[in-house]
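This briefing goes through a structure shown below, topic by topic. Please keep the view open while reading, so that each point can be followed on the chains themselves.

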Number of protein chains: 2
Amino acid sequence: MTVREIARLAGVSVATVSRVYNGVGQVAPGTRQKVLDAIEATGYRPDPLGQALAAGRYGAVGLVFPGLSGPYFAELIQGFESEAVRCRSSVHILCTHMRDDSESQVVEMARRVDGVAVLGGTVADEAVAKLSGLVPTVVMAGAAQGTATSIRTENRGAMAELTTHLLVRHGLRKLVFVGAPEGSPDVYERYTGFTEAHRDLGLSPAEPLRVTMESHDGVRAADRLLGNGTRPDAMVCANDELAFGALIAALGRGLRVPQDVVLTGFDDAPMAALVTPPLTTVRQPVRELAARAAAMLLATGREGDVLLPTDMIVRASCGC
Amino acid sequence: MTVREIARLAGVSVATVSRVYNGVGQVAPGTRQKVLDAIEATGYRPDPLGQALAAGRYGAVGLVFPGLSGPYFAELIQGFESEAVRCRSSVHILCTHMRDDSESQVVEMARRVDGVAVLGGTVADEAVAKLSGLVPTVVMAGAAQGTATSIRTENRGAMAELTTHLLVRHGLRKLVFVGAPEGSPDVYERYTGFTEAHRDLGLSPAEPLRVTMESHDGVRAADRLLGNGTRPDAMVCANDELAFGALIAALGRGLRVPQDVVLTGFDDAPMAALVTPPLTTVRQPVRELAARAAAMLLATGREGDVLLPTDMIVRASCGC
DNA sequence: TTGAAAGCGATACCAG
DNA sequence: CTGGTATCGCTTTCAA
């Protein structure tokens with residue numbers, strides 16, 4: 001079914017079909033009805049390709065992230081997708097993980113979409129800057145580059161608050177940050193909050209235990225940290241997944257949480273409240289972050305950089 | 001940059017530019033070089049939209065799934081995406097979760113891609129049949145409908161083997177299947193294997209504990225099952241995530257696994273080998289499943305239905 | 001109010 | 001070996 005078919009069926013020109021379908025311009029009621037009947041009878045829907053070519057718009061937005069695992073990415077993708085679909089836009093995804101030619105692929109993607117949202121730390125800053133010259137771009141959970149805008153959550157302050165809580169309220173001293181600050185802007189900011197809290201109290205923070213962000217990495221981290229005699233007072237994990245892994249490993253060794261070792265996370269994943277002991281963590285609105293990123297891409301008026309608030313959630317795993 | 005620009009720059013016709021760029025037909029070396037120079041100088045890359053319109057192909061494939069979380073979906077998406085990108089195709093995603101108009105959205109997606117892979121149980125069978133009339137379709141982890149093909153893993157046999165192991169090798173009797181058979185073809189098949197194993201031994205299986213598939217559901221399931229006096233011998237979880245949640249909940253109550261309660265999973269997620277005790281489960285090639293689904297969509301010769309093998313992985317959580 | 005026709009960007013056939 | 005031109009499906013002037 002093409003416009004021409006419908007035009008033939010309704011005995012009008014393609015221009016009129018287009019006008020009726022899109023509800024623009026003036027069309028006589030009788031003519032309009034003939035066209036609507038033809039559309040109804042055939043179930044005609046315009047080919048998105050033709051529309052895109054004519055309009056110079058693609059009706060699609062892109063989402064770029066490194067790889068994915070755990071509830072964080074699940075929320076991110078679903079938040080983004082929901083908003084995009086609501087705006088009648090389709091969603092392209094690109095996982096760059098472990099691929100060396102990711103920059104060219106991102107640029108390639110940019111040619112097929114009306115805007116791209118990229119997760120901070122996924123591609124090089126220069127690539128983001130370049131991308132932003134091609135198509136509206138928003139960096140999620142990272143810093144804007146070029147003409148891109150950014151949307152992020154308050155990581156640093158929340159982690160500083162959490163760390164201070166451990167240091168002051170619980171009097172802990174041997175804290176180890178679990179996560180790689182170099183891995184992503186998010187983790188970098190969290191680690192910055194961690195060190196700031198120490199410095200503010202005249203303490204010097206330990207080196208972070210650099211691991212990736214999946215729960216099995218938390219298991220390994222706990223095995224390294226809790227195995228020998230120099231066990232830390234607390235493992236301050238860069239996300240909840242790590243904390244869950246660490247929790248399983250700690251319990252598996254017969255250690256008690258929080259008595260023998262304190263554990264904290266970040267994200268407030270659904271399971272955080274359900275594990276024993278419930279996890280002290282920081283809630284961040286990931287779904288909203290992604291949804292707003294999509295909205296920023298699709299909206300006409302461009303918003304500036306956005307910072308979403310986070311909340312420290314104190315449960316029992318810190319000793320409270 | 002359009003073909004016309006390049007043609008003008010190189011002093012040739014658009015036809016020649018197209019020939020050079022696509023490496024088809026005969027072009028004189030000198031002419032070829034002029035075109036290549038112009039392409040090089042401008043960084044020209046043909047607009048995918050124009051190509052799609054001319055070729056009647058979109059250079060994109062679609063992936064449809066309910067919602068997502070956990071390692072299963074991570075593997076699925078990444079496997080699909082990797083193969084699609086390898087075949088120079090872009091990836092559209094659609095999450096139907098909790099959306100009532102998913103059928104029309106799937107059809108809408110079908111109009112923008114060269115093929116659609118849908119996860120079994122995501123949309124109604126009739127919708128899949130309809131879809132398969134529109135565009136090449138493959139059902140992952142589910143039954144084919146209409147002209148769609150399917151690719152799945154051997155769920156039933158593996159679960160029957162695992163259940164038999166529990167029943168015969170460990171002499172357990174009170175087994176509870178955790179998962180909703182109605183939720184997806186995958187879980188249905190697993191439950192079928194579970195019941196078959198019972199019947200083969202003249203036993204009658206208990207009703208399944210119907211829960212969704214995320215780890216926090218495993219926590220809740222364990223709380224329900226392990227709380228009162230009628231604790232089962234084993235929780236046979238429909239996937240590893242549920243088992244992890246159940247493990248955390250069990251350990252949190254001071255129960256020992258496998259002495260007090262046996263736990264098994266399905267998927268062999270990375271963490272399965274790392275938890276304490278290591279999880280007895282079934283390994284299924286999710287990544288390969290998804291990659292082959294993408295390949296089936298993109299390949300010229302259509303494959304028939306595919307069944308991928310699974311492996312029972314016996315670790316310590318079953319009592320071995 | 002309507003239609004003819006010019007794009008949008010690329011491919012491919014048919015002459016030359 | 002090369003160029004002109006029709007074509008893909010749609011939108012949008014411009015005239016009538």
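How many bridges join S2(A) to strand S2 of chain B, and do these strands run parallel or antiparallel? In this predicted model, S2(A) and strand S2 (residues 90-95) of chain B are joined by three bridges and run antiparallel.

**Contact between chains A and B**
- Within the pairing of the two S2 strands, A:Val91 stands opposite B:Ile93, a residue of S2(B).
- The contact as a whole brings together 40 residues of chain A and 39 residues of chain B.
- On the side of chain A that touches chain B, the elements giving two or more residues are H4, helix H5 (70-86), strand S2 (90-95), helix H6 (102-110), helix H10 (215-227) and helix H11 (240-252) of chain A.
- By class, this side of chain A is made up of 22 nonpolar, twelve polar and six charged residues.

**Surface near DNA strand D**
- There are 28 residues around DNA strand D, and those that come nearest are A:Gly50, B:Ala15, B:Gln26, B:Ala28 and B:Thr31.
- Two or more residues of this surface come from each of helix H2 (14-22) and helix H4 (48-55) of chain A, and likewise from each of helix H2 (14-22) and helix H4 (48-55) of chain B.
- H2(A) gives the most to the surface near DNA strand D, with six residues.
- The residues of the surface near DNA strand D comprise 16 nonpolar, ten polar and two charged.

**Domains of chain A**
- Chain A is divided into domain 1 (3-46), domain 2 (58-153 + 287-308) and domain 3 (156-283).
- The centres of domain 2 and domain 3 of chain A, taken over C-alpha atoms, are separated by 29 Å.
- Nine residues of domain 2 of chain A are in contact with ten residues of domain 3 of chain A, and the side of domain 2 that touches domain 3 has four nonpolar, five polar and no charged residues.

**Sheet in chain A**
- Three strands of chain A form an open sheet in the order S6-S7-S8 with parallel pairing, and the edge strands, each pairing on one side only, are strand S6 (175-178) and strand S8 (262-264).
- Neighbouring strands of this sheet are turned against each other by 15 degrees on average, direction ignored.
- Four bridges pair S6(A) with strand S7 (residues 234-237) of chain A in the parallel sense, and A:Leu175 stands opposite A:Ala234 in S7(A).
- H10(A) lies across S6 and S7 of chain A and runs at about 155 degrees to S7(A).

**Sheet in chain B**
- Chain B has an open sheet of three strands, in the order S6-S7-S8 and with parallel pairing.
- S6(B) is joined by four bridges to strand S7 (residues 234-237) of chain B, where B:Cys237 is the bridge partner of B:Val178.
- Helix H10 (residues 215-227) of chain B packs on the sheet and touches S6 and S7 of chain B, its direction making about 155 degrees with that of S7(B).

Key:
Residues are numbered from 1 along each chain as its sequence is written. Chains are lettered from A and ligands numbered from 1 in the order in which they are written. This is a predicted model: local features need pLDDT of at least 70, side-chain atom pairs count only at pLDDT 80 or more; totals for chains, interfaces and linings use all residues. A residue is near a molecule or strand if its C-beta atom, placed from the backbone, lies within 6 Å of it. Ala, Val, Leu, Ile, Met, Phe, Trp, Tyr, Cys and Pro count as nonpolar, Asp, Glu, Lys and Arg as charged, and the others, Gly among them, as polar. Two residues are in contact if their C-beta atoms, placed from the backbone, lie within 7 Å. Two strands pair if DSSP finds at least two bridges between them. Axes are lines fitted to C-alpha atoms, for helices over the stretch in contact, and angles run from 0 to 180 degrees between N-to-C directions. Domain bounds come from an automatic or database domain assignment.
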